[in-house]
Amino acid sequence: MSIAENVQNVKEKIRSACAACGRDPESVQLVAASKMNDAERVREAIAAGITICGENRVQEMREKQEQGAYEGAQLHFIGTLQKNKVKYLVGTVQLIQSVENRALLEAIDKKAAALHLQQKVLLEVNIGGEASKSGFRPEEIRQVIRGAEQFRNVQICGLMAIPPAVPDPEQSRPFFRQMHQLFIDMDSEKLFNVSMQTLSMGMTNDYEIAIAEGATMVRVGTGIFGARNYNN
Ligand SMILES: *Cc1c(COP(=O)(O)O)cnc(C)c1O
């Protein structure tokens, strides 16, 4: 299957998943998780109708940016982020989805203030409480959001999660459900720089379940680009 066929296939599955639970297909955005795929393949995906690319590694993203890989699409950062790399993202990517601690929020705010702009971010939630994973604990999100009012150059637009890896995607459902509840609960916090618009969850194996449970954004890599080759 070509990238173009895969993109059509994923979009069709998103439409069906929305139809099955009575949701407007326009309420779910598709992010192509393009890690380990070169600029040419990324451009192919955009030509096939991808409007948002998500990258995991700052260095790889910058290389592909220089090659004009993302022209015609938005760029989001979805990977583990170090504070010293924040400067490469603020004002460059439309959305930083993987803000996993307060120090990052502070660093993003500082850089955004220096550039006189507002940086949109999502807060990453460690919904499975896994020691191996980064992200805020669900119980701490409300406090983080309230404290974020001091970060006037950061706009918190929602939440992102990667639930634990499981053999059967159905096992992800309770985690997606918890994330949706948290998303709804946080929406009641009316703060000037917080608006719960985006709930980013669901990948190739489980995005249809994530949609049924309320995802407004899914991040699909393998389903669009095929299996990644880790030997290169
Ligand atoms: C790689 C990646 C994805 C996509 O994973 P697939 O299983 O290939 O669809 C989604 N989100 C993040 C954060 C990723 O790193």
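An oxygen atom of the ligand lies 2.8 Å from a polar backbone atom of glycine 221. Taken alone, the ligand exposes 380 Å², and the protein buries 90% of that; accessible areas come from the Shrake-Rupley method with a 1.4 Å probe, and for residues only the protein chains shown count as cover. This is a predicted model, in which local features need pLDDT of at least 70 and side-chain atom pairs count only at pLDDT 80 or more, while totals for chains, interfaces and linings use all residues. Residues are numbered from 1 along each chain as its sequence is written, and side-chain values use heavy atoms, with hydrogens and water left out.

The residues around the ligand, meaning those with a heavy atom within 4 Å of it, are Ala33, Lys35, Asn56, Ile78, Ile162, Met203, Thr204, Arg219, Val220, Gly221, Thr222 and Arg228.

| Residue | Protein atom | Ligand atom | Distance |
|---|---|---|---|
| Threonine 204 | N or O atom in the side chain | oxygen | 2.4 Å |
| Arginine 219 | N or O atom in the side chain | nitrogen | 2.8 Å |
| Glycine 221 | polar backbone atom | oxygen | 2.8 Å |

Helices (H or I, at least four residues) and strands (E, at least two) are DSSP runs, numbered from the N terminus. Helix α1 covers residues 3–20, 18 residues in total, and reaches 26 Å from its first C-alpha to its last, close to the 26 Å expected at 1.5 Å a residue. The expected span is 1.5 Å times one less than the number of residues. Buried means under 20% relative accessible area, exposed over 50%, and partly exposed in between, with a 1.4 Å probe and protein chains only. In α1 the buried residues are Ile3, Asn6, Val7, Val10, Ile14, Ala17 and Cys18. They are on the same side of α1 because they cover an arc of only 110 degrees around the axis, the arc being that of the directions from the helix axis to the C-beta atoms. Ala19 and Ala20, on the other side of α1, are exposed. The cover over the buried residues of α1 includes β1 (29–33), α2 (39–47), α8, β8 (217–220) and α9 (222–225), where contact means heavy atoms within 4.5 Å. Just after α1, glycine 22 takes a positive phi of about 70 degrees.

Helix α7 (residues 173–187) has 15 residues and spans 21 Å from first C-alpha to last, close to the 21 Å expected at 1.5 Å a residue. Phe176, Met179, Leu182, Phe183 and Met186 are buried in α7. Their arc around the axis is only 120 degrees, so they are on the same side of α7. Among the elements covering the buried residues of α7 are β5 (119–125), β6 (154–161) and α8 (207–212).

Methionine 36 is in the loop between β1 and α2 and counts as partly exposed at 37% relative accessibility. Histidine 116 is in the loop between α5 (102–114) and β5 and is exposed, with a relative accessible area of 72%.

Lysine 64 is in helix α3 (residues 58–66) and counts as buried at 5% relative accessibility. Not counting residues up to four places away in sequence, lysine 64 touches residues including Met36, Asp38, Glu55 and Tyr70.

Technical notes
A polar contact is a pair of N or O atoms within 3.5 Å; within protein, one must be able to donate a hydrogen and the other to accept it, and residues adjacent in sequence count only if both atoms are side-chain atoms.
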